Amino acid sequence: MRRNLIKTLAAVATIAVLTGFGQPAQTVLAGELELVLGTGSTKGKLFAAGSAISMASVVEGKGIKVYNYGTKGSKDNIKRISKKKRAINFALVTAKALAKAGEKQRKAISGLMALGKAKGETVLLIVRNKAPKKVSKSDYAAAVAEFVRVLKSAKSAKMVKQQWSGFNPSSGASDFKAAGIKLHKAAIM
Amino acid sequence: MRTPIGLIAGIALAIGTSAVAGKSAIAETPAEFFKDKVITAILGAGPGGGYDLYARTVMSHLVKHIPGKPKYILQFMPGAGGIKAAAFVYNVAPKDGTRLAKLSNMLPAFQLLRGNVKYDVSKLNYIGRAASMQYVTMVWHTTGVKSLEDLAKAKEPIIFGSTGLSQSNYIVPAVMQKLLGLNVKVITGYVGTASVNKALEQGEVTGRAGAWSSWISRAGHLIKAGKLYAIAQSGLEKAGDINNGYGEPTPLLLDLAKNDDERAILSLLASDAAIGRNFSVPPGVPKDRVKALCRAFDATMKDPAFLKQAKKRKLIVEPKTCEWVNKTARAIVATPKPLVKKARALLGWK
């Protein structure tokens, strides 16, 4: 009898794992959303990491594609993500640079997570609050949540770590708080 | 002492294994290779501009025509007028067909005129061109100059606004002034073509040379209102849809060449228009994959879904095959050195 009970419980557990029972409900995106991630110098580690993140978004993600954009680094990224027009959607920034962002820039962005360390500095992932043109707020929110899910997955971590050994996703809440940046709904808590 | 039989058997096994491995690598068809792969399209510019728009539109349809139907992502690598991305694609990117590039149309000209670049256009594998980048010389209506004949007689110079010495908006008027002897002056230092357009409207400058697609998208209202006249187009052949604002086709600057040398210099300087919105893969990519990509590109250019989307996005589509683009690019970089020297001197480049 006990053996049967164990067998039943094991079967239920297997079904639960396979069907994703217990996971937060996901909004399914209507089409494929193309978003841009500002990283850093094309000769640097973060650009290479950005390429792996981009690759992970298309391999692991559902309904999103995140493109890697070689920029001049954190300061440049903060400028580009808070621009009025033709802004990028995500950016990698150091906690130090984010703490120096202007008032208007802070209002335009939210914090998502800390991605790891590069040259001894914490690298944070931020997101532009405003949805891209012709994209609904709900679709944008779903795409951001999907990107966070992709970055948290073990497969993505394996891909990114090949380019950036310091990749280690965590909340980064204290860094965002210190910089006066609100956390996004999809942020790692 | 070891038995020679064991040794022989070991060698035979090693040879057999490597032969099988070699055979399977050789036998891999493009469809087998591209299946489940992700192609990275590297762009020599940032997001939001013409490079981005063409790449997104072409790539979203191109992958459907590539055997094995791979997925794709874009990667933006701006810097040094596209030379940075070209050097990366040429020297660093994997040479297996998974890296495709949408590089600057100025690469062949830069290779000759600037020198010291870390790429060789004659070894790149162009897979096709989606559109030409015909540069059109526009003159403000208040000048009274409506044609090249008018410009040849003009007493007041037409003042062109330019964003930099290595840009076509400098090269075209510089050629008009220094090679063709037309009454033209160039002011450089404007930040972006939008600021030159603004200067045009404010009367600060009276002319600008720019890509036809850029004129249509950014100053179409001024052309429709008859405030700008298209007096010349630069390129190796005329683009059919460009007219001077009063119904006549706009002449080619190339046709003003007085001799073979002038024609060669003008061809070199107008080559960027012909290379246009091009797509390429690095040297060293297996030939069968390059061929598969070329044919996929040709099929994309005829795909009704692609054409519909391009029209919706107001993109000009004037395709050329990989054979045509490769031949043209190789012809440009084969320009004789004395003529290259002359062209360089003409532009004031060392």
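Colleague: Why does B:Asp36 count as exposed?

Modeller: B:Asp36 has 11 other C-beta atoms within 10 Å. The cut-offs put a residue with 20 or more other C-beta atoms within 10 Å of its own as buried, with 12 or fewer as exposed, and in between as partly exposed, with C-beta atoms placed from the backbone. So B:Asp36, at 11, is exposed. Keep in mind that this is a predicted model, where local features need pLDDT of at least 70, side-chain atom pairs count only at pLDDT 80 or more, and totals for chains, interfaces and linings use all residues. As for labels, residues are numbered from 1 along each chain as its sequence is written, and chains are lettered from A and ligands numbered from 1 in the order in which they are written.

Colleague: Where does B:Asp36 lie?

Modeller: In the loop between helix H2 (30-34) and strand E1 (38-43) of chain B. Helices (H or I, at least four residues) and strands (E, at least two) are DSSP runs numbered from the N terminus. Across space, B:Asp36 and B:Lys69 have C-alpha atoms separated by 7.7 Å, although they are 33 residues apart along the chain.

Colleague: OK, and what makes B:Arg129 buried?

Modeller: The count again: B:Arg129 has 25 C-beta neighbours inside 10 Å, so it goes down as buried. B:Arg129 sits in strand E4 (residues 125-129) of chain B.

Colleague: Which residues does B:Arg129 touch, leaving out those up to four places away in sequence?

Modeller: B:Ile275, B:Gly276, B:Arg277, B:Asn278, B:Pro319, B:Lys320 and B:Val325. A contact here means that two C-beta atoms, placed from the backbone, lie within 7 Å. There's also B:Asp298, 169 residues from B:Arg129 in sequence and 9.2 Å away, C-alpha to C-alpha.

Colleague: Why are H10(B) and H14(B) called roughly perpendicular?

Modeller: Helix H10 (residues 260-275) of chain B packs on helix H14 (residues 337-347) of chain B at an angle of about 70°, with axes 10 Å apart. Axes are lines fitted to C-alpha atoms, for helices over the stretch in contact, and angles run from 0 to 180 degrees between N-to-C directions. Under 35 degrees is roughly parallel, over 145 roughly antiparallel, 65 to 115 roughly perpendicular, and the rest oblique. Hence H10(B) and H14(B) come out roughly perpendicular.

Colleague: Which residues meet there?

Modeller: From H10(B), B:Asp261, B:Ala264, B:Ile265, B:Leu268 and B:Leu269; from H14(B), B:Leu339, B:Lys342 and B:Ala343. By class that contact has 6 nonpolar, no polar and 2 charged residues. For the classes, Ala, Val, Leu, Ile, Met, Phe, Trp, Tyr, Cys and Pro are nonpolar, Asp, Glu, Lys and Arg are charged, and the others, Gly among them, are polar.

Colleague: What makes H8(B) and H9(B) oblique, then?

Modeller: Helix H8 (residues 193-201) of chain B and helix H9 (residues 212-224) of chain B cross at roughly 60°, their axes coming within 11 Å. On that angle scale H8(B) and H9(B) are therefore oblique. In this pair, B:Thr193, B:Ala194 and B:Asn197 of H8(B) meet B:Ser214, B:Arg218 and B:Ala219 of H9(B), and the contact divides into 2 nonpolar, 3 polar and 1 charged.

Colleague: How is chain B split into domains?

Modeller: Domain 1 of chain B is 30-131 + 276-335 and domain 2 is 135-271, with bounds from an automatic or database domain assignment. Their C-alpha centres lie 28 Å apart. The contact takes 10 residues from domain 1 of chain B and 9 residues from domain 2 of chain B.

Colleague: How many residues does each chain give to the contact between chain A and chain B?

Modeller: 15 residues from chain A and 14 residues from chain B. On the chain A side, H2(A) gives the most, with 5 residues.

Colleague: What about the chains overall, starting with how many helices and strands chain B has?

Modeller: Chain B has 14 helices and 11 strands, and 46% of its 350 residues count as buried. Chain A comes to 8 helices and 6 strands, with 42% of its 189 residues buried.
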